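Subject: Structure for your files

Hello,

Here is the structure you were expecting, followed by my notes on what I found in it. Please read the notes with the structure open.

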There are 2 protein chains.
Amino acid sequence: MNIKDKILEKLIKNKGKPISGERLANELSISRTAIWKHIRALREEGYVIDSSTNLGYSLMTLPDMLTPGGIKAGLKTSVIGKEIEYFKEIESTNVIACEIAGSVAEGTVVIAESQTGGRGRLGRKWISPEGGVWLSIILKPKIQPSYAPRITILAGVSVAKAIRSFGPEAMIKWPNDVLINGKKVCGILTEIEAEIDMIDHCVVGIGIDANVDTESFPEEFRDSSTSLKKELGHEINRVGFVQKLLEEFEVLYLKFQEGDFTAILEDWRSMSATIGEWVKITTQTRTIYGEAIGVDNEGALILETDEGKLEKIVAGNCEHLRRT
Amino acid sequence: MNIKDKILEKLIKNKGKPISGERLANELSISRTAIWKHIRALREEGYVIDSSTNLGYSLMTLPDMLTPGGIKAGLKTSVIGKEIEYFKEIESTNVIACEIAGSVAEGTVVIAESQTGGRGRLGRKWISPEGGVWLSIILKPKIQPSYAPRITILAGVSVAKAIRSFGPEAMIKWPNDVLINGKKVCGILTEIEAEIDMIDHCVVGIGIDANVDTESFPEEFRDSSTSLKKELGHEINRVGFVQKLLEEFEVLYLKFQEGDFTAILEDWRSMSATIGEWVKITTQTRTIYGEAIGVDNEGALILETDEGKLEKIVAGNCEHLRRT
């Protein structure tokens, strides 16, 4: 954590109460002039900081921004989000994350207020205006590429858990969309670079319509999308939400690293919007209809077709159908 | 193919016989001055080209270089090697291939006379002096990452076939080293970039000790390595070898694309140096000893241990042991 983030953390912990410049300078072993320069930089970022000659600096208002200092202040993780790369606007957090993955620590997060070229799965567009949560987590698990789908599953579970802690009953549509009341609130795009038998790095892109007005979305997305703001009837504290998400993610990622994937799959199954549904699956080579009856240990969907045949679907698009 | 490569192709087809500048200019629809400039560039690359005012240009000697024009002249492929990026010296053909993969056509080949930072599997060093064949093939198969090992297998088979067409009885050590008389002559490093259920691109790095003096290798590699030159007792025509390799690769890649992997596995099994051997396998998590009794449909090695138990090994290091 850099000095500016450390100052911000102290101010947030003492929100509304002044800390003297002398105390900050002593605690951080830098000059009072340096403190003053960092305070000025924080003010330029939108933090409202009162200063009085006798009492010192006190933080009055935090901007609604996902700056590293704000997220790290009080973040209870040891790996995920220890380093955060922040952008006001960016083409795509996944693109940057893939580019820097080789030279940063595991758990580094790339986050942006908005994306100009946000991407969904298979090259699809992902609308990413201000007010959302658009972030990518860089991971370096020592696993074979064939185990990578597990990371997408744990990402879906961590998003659903974070949303539930804010109220809405989030459900997971196979393989990894997160829904509220049947409408999509989050998409996950996992990308890997690997040798045949070893992942080099993995980037988990998570896009959540937090305080976004889905009414402004293009028509083709409008009816199938929702946002946390819409479901709750008010805006959420995005910084608090990101902290919760990174914390849930870390808990599950450490479980996964320890080889305990069963518990994660149990969570996934208990929040599944797909199991029990009549679905249409489109894969590279075929379209299959059937009832989704379960997921196996690798996260593959098990379908029972009209003829009573069981089909295992490793990857594909899933559409929930109304029974006729 | 650019104009210079087209001129070279015509000169190679007429090797030793003159073609007039006028004919070249007409056939390629460019000026005679342009022809002359390209001839000069070819001479700078090492091609010995005679010119006479009355008769025209005739190619006398080809340099021992893997230039695109030389390889493409007479290359019987439709996808693999249609575009070739050539370097006298490069850090690593795989590194460049991964960088350009997004913006070039499938089948593009990156080739270099020598590599300064050649890499083997799992970050190991790969010695790549002049005289070898160091190339990377860029592929964009529409498959899931879990099928990528098949590409390494077909690469191993194509290398072994190309070597056999030059004489030596190449064998394949599981998973994908190519051996002659029990010594390593080729390594293969396959790297992928992918979403969870779809490969974006795949780079197959192939390094072959062709006309290399393995006696100059560091001691730790010397005894276990050989070269085509050493096995044959003379240097090989590297351009001809690369053409054969790309042609064998394409035949197998097209079979693979059509879903006919069984025939490739049959070839692999018939050239296996590992099946029937007593082996030591080291994976991420354990070491296993046993007799290699076969490979399954995905290329996993099947071992029978001392206790008669069958073990399936998807990935790992394999060491052939002498029976005691």
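In strand β14 of chain B, N317(B) is the bridge partner of T282(B). Strand β10 (residues 278–282) of chain B and β14(B) are antiparallel and joined by 5 bridges. Strands here are DSSP runs of E of at least two residues, helices are runs of H or I of at least four residues, and both are numbered from the N terminus. Two strands pair if DSSP finds at least two bridges between them.

Before going on, two notes on the source. This is a predicted model, in which local features need pLDDT of at least 70 and side-chain atom pairs count only at pLDDT 80 or more, while totals for chains, interfaces and linings use all residues. Residues are numbered from 1 along each chain as its sequence is written, and chains are lettered from A and ligands numbered from 1 in the order in which they are written.

(Axes are lines fitted to C-alpha atoms, for helices over the stretch in contact, and angles run from 0 to 180 degrees between N-to-C directions.)

Chain A has an open sheet of 5 strands in the order β13-β12-β11-β10-β14, also with antiparallel pairing. Within it, strand β11 (residues 287–295) and strand β12 (residues 301–304) of chain A pair in the antiparallel sense over 4 bridges. E291(A) stands opposite E304(A) of β12(A).

How the two chains relate

Chain B is superposed on chain A by a rotation of 180° with 0.1 Å of shift along its axis, at an RMSD of 0.1 Å. That is the relation of a two-fold axis. The same surface serves both copies, as 100% of the contact residues of chain B recur in chain A. The superposition is by least squares on the C-alpha atoms of residues with pLDDT of at least 70 in both copies.

In the interface, 22 residues of chain B are in contact with 22 residues of chain A, where contact means that the C-beta atoms, placed from the backbone, lie within 7 Å. On the side of chain B that touches chain A, the elements giving two or more residues are α6 (149–165) and β8 (183–195) of chain B. β8(B) gives the most, with 7 residues. The residues of this side divide into 11 nonpolar, 5 polar and 6 charged. (Ala, Val, Leu, Ile, Met, Phe, Trp, Tyr, Cys and Pro count as nonpolar; Asp, Glu, Lys and Arg as charged; the others, Gly among them, as polar.)

Strand pairing also crosses between the chains: strand β8 (residues 183–195) of chain A and β8(B) pair in the antiparallel sense over 5 bridges. There, I192(A) stands opposite A194(B).

The domain assignment of chain A, which comes from an automatic or database source, gives domain 1 (3–61), domain 2 (68–270) and domain 3 (278–321). The C-alpha centres of domain 1 and domain 3 of chain A lie 56 Å apart.

Helix α2 (residues 21–28) and helix α3 (residues 32–44) of chain A pack at an angle of about 105°, with their axes 9 Å apart. α2(A) and α3(A) are therefore roughly perpendicular to each other; angles of 65 to 115 degrees count as such, those under 35 as roughly parallel, those over 145 as roughly antiparallel and the rest as oblique. G21(A), E22(A), L24(A) and A25(A) of α2(A) meet R32(A), I35(A) and W36(A) of α3(A).

In chain B, strand β1 (residues 48–52) and strand β2 (residues 56–61) run antiparallel and are joined by 5 bridges. A hairpin through 3 residues joins β1(B) to β2(B), and V48(B) stands opposite T61(B).

Backbone exceptions

Most residues other than glycine have a negative phi, and most peptide bonds are trans. S29(B), in the loop between α2 (21–28) and α3 (32–45) of chain B, has a positive phi near 55°. The peptide bond from W174(A) to P175(A) is cis, with omega near 0°, and P175(A) is in the loop between β6 (171–173) and β7 (177–180) of chain A. A cis peptide bond also joins W174(B) and P175(B).

Regards

Terms used
Two residues are in contact if their C-beta atoms, placed from the backbone, lie within 7 Å.
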